[in-house]
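User: Please walk me through this structure. I want to know what stands behind each label.

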Amino acid sequence: MSFYGRSFLSTQNLSLEKINKLFSLSKRIKEEYKEEHSYFLPEWHEQLRNKVVILAFFEPSTRTLLSFQMASQRLQLRTVTFPSISESSLIKGETLVDTIMNLEAMEPNLFIFRTGDSQDLLDCIKSVKVPVLNAGSGSEGHPTQALLDAFTIQERLGSVAGQKILFVGDVIHSRVASSNLELFKLMGAEMAICGPNEMLPKENKWQGIPTFKDLEKGLEWANVCMGLRVQLERHEDKNALSKEEYSKNYCINLQKLKKFTPIGLIMHPGPFIRGLDFDPEVLSDKRCVVHEQVTHGVYIRAALIAKMLVKGVN
Ligand code: CP
């Protein structure tokens with residue numbers, strides 16, 4: 001089944017064929033942009049120009065919001081961005097569910113939502129008639145981040161299949177790790193997790209995934225290292241974590257990376273917390289692709305939007 005006219009809410013309904021086609025289009029966009037430094041997919045602009053997308057982010061974002069906006073602008077699409085919570089009628093007591101019902105009544109062609117964990121809200125989003133793109137939902141999933149991460153691995157290493165990918169840090173709260181697990185498994189990668197006990201997930205979907213307590217041992221095992229932000233805002237007790245202890249054991253830095261293969265990839269979906277989960281010195285390591293992930297996010301999101309909005313985009 002194609003992406004056209006449908007919501008894209010999770011990595012669960014993807015097939016290898018669909019992923020390969022999406023990655024081919026993203027690669028074409030990347031190469032044409034490198035050549036022309038111009039708009040993406042001009043042959044579809046006639047169909048895209050008269051469509052309007054509503055971007056509504058009910059949790060903060062830099063990369064995802066701006067890369068969806070960049071992708072839309074380069075496709076010649078029109079976008080309307082929901083204001084911040086304090087500038088909308090949410091501040092007057094209107095609920096998120098009522099807000100979404102009102103946005104739907106404005107008849108956009110596509111919604112791009114970032115939401116928290118509220119089940120009412122997730123149910124409401126699933127029932128809207130307009131196609132919806134999930135730009136991150138609570139701790140549950142971040143499917144476009146998973147796609148851009150997989151695309152980055154494929155671009156750099158040739159394929160996702162056969163790679164040994166280590167997630168480091170606050171895995172239990174990470175929607176990125178959750179979607180990456182589903183996607184990387186489908187694409188044939190091996191995975192492991194590393195972090196303190198309280199940050200390691202216990203859900204069924206993680207059963208059987210090897211665990212490392214010692215980051216250097218994990219780095220010896222892996223050839224792709226995916227750092228994750230410590231999500232203090234989702235911790236029940238925000239003061240329970242010793243930041244010094246965490247940083248000593250799990251901050252990805254050049255010292256610990258001495259154990260990591262010279263032909264590996266160092267990734268992080270961002271944002272990272274300097275000195276707590278990621279040392280900025282790592283950005284200049286030739287194995288680090290953190291900013292390349294962001295660049296690829298624009299291509300992947302443009303390809304996905306074009307496929308969802310225009311029939312026949314291959
Ligand atoms: N990776 C990511 O989702 O970053 P933002 O929260 O800044 O969008």
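User: Where is Gln 76 found?

Analyst: Gln 76 is in the loop between helix 3 (63–74) and strand 2. Helices (H or I, at least four residues) and strands (E, at least two) are DSSP runs, numbered from the N terminus. This is a predicted model, where local features need pLDDT of at least 70, side-chain atom pairs count only at pLDDT 80 or more, and totals for chains, interfaces and linings use all residues. Residues are numbered from 1 along each chain as its sequence is written, and side-chain values use heavy atoms, with hydrogens and water left out.

User: What makes the phi of Gln 76 worth a note?

Analyst: Phi of Gln 76 is near 70°, a positive value in a residue other than glycine. Most residues other than glycine have a negative phi, and most peptide bonds are trans. Phi of Glu 107 is positive too, near 60°. Glu 107 sits in the loop between helix 4 (96–105) and strand 3 (110–115).

User: Is Glu 107 buried or exposed, and what makes it count that way?

Analyst: Glu 107 has a relative accessibility of 68%. Buried means under 20% relative accessible area, exposed over 50%, and partly exposed in between (1.4 Å probe, protein chains only). Glu 107 therefore counts as exposed.

User: And which class does Lys 164 fall into?

Analyst: Lys 164 has a relative accessible area of 29%, so Lys 164 is partly exposed. It lies in strand 5 (residues 164–168). That strand is mostly covered, with 4 of its 5 residues buried.

User: Which residues does Lys 164 contact, leaving aside its neighbours within four places in sequence?

Analyst: They are Glu 190, Trp 221, Ala 222, Asn 223 and Val 224. Contact means heavy atoms within 4.5 Å. Lys 164 and Ala 189 are 25 residues apart in sequence, and their C-alpha atoms are 6.2 Å apart in space.

User: How do you know that strand 5 pairs with strand 6 (residues 190–194)?

Analyst: Two strands pair if DSSP finds at least two bridges between them. Strand 5 and strand 6 are joined by 5 bridges and run parallel. Leu 166 stands opposite Ala 192 in strand 6. Strand 6 also pairs with strand 7, in the parallel sense, over 2 bridges. There, Ile 193 stands opposite Thr 211 in strand 7.

User: What order do the 5 strands of this open sheet take?

Analyst: The order is 7-6-5-8-9, with parallel pairing. Strand 7 (211–212) and strand 9 are the edge strands, as each pairs on one side only. Helix 7 (residues 175–186) lies across strand 5, strand 6 and strand 8 (224–227). Helix 7 runs at about 170° to strand 5.

User: Which strands are the edges of the open sheet of 4 strands?

Analyst: The edges are strand 2 (78–81) and strand 4 (132–137). This sheet has the order 2-1-3-4 and parallel pairing. Strand 1 (residues 52–57) is joined to strand 2 by 4 bridges. Leu 55 stands opposite Thr 81 in strand 2.

User: Why are helix 1 and helix 6 called roughly perpendicular?

Analyst: Helix 1 (residues 16–36) and helix 6 (residues 143–157) pack at about 70°, with their axes 11 Å apart. Axes are lines fitted to C-alpha atoms, for helices over the stretch in contact, and angles run from 0 to 180 degrees between N-to-C directions. Angles under 35 degrees count as roughly parallel, over 145 as roughly antiparallel, 65 to 115 as roughly perpendicular and the rest as oblique. The two helices, helix 1 and helix 6, are therefore roughly perpendicular.

User: Which residues of helix 1 and helix 6 meet?

Analyst: Leu 22, Phe 23, Ser 26, Lys 27 and Lys 30 in helix 1 meet Leu 147, Ala 150, Phe 151, Gln 154 and Glu 155 in helix 6.

User: Which members of the largest nonpolar core touch the most other members?

Analyst: Ile 112, Phe 167, Phe 184 and Ile 305 do, out of 64 residues. A nonpolar core is a set of buried Ala, Val, Leu, Ile, Met, Phe, Trp, Tyr and Cys residues joined through side-chain atoms within 4.5 Å. Helix 10 (residues 290–309) gives the largest share of this core, 10 residues. Another core, of 24 residues, lies apart from it, with Cys 194 and Tyr 246 among them.

User: What is the peptide bond from Gly 270 to Pro 271?

Analyst: That bond is cis, with omega near -10°. Pro 271 lies in the loop between strand 9 (265–267) and helix 10.
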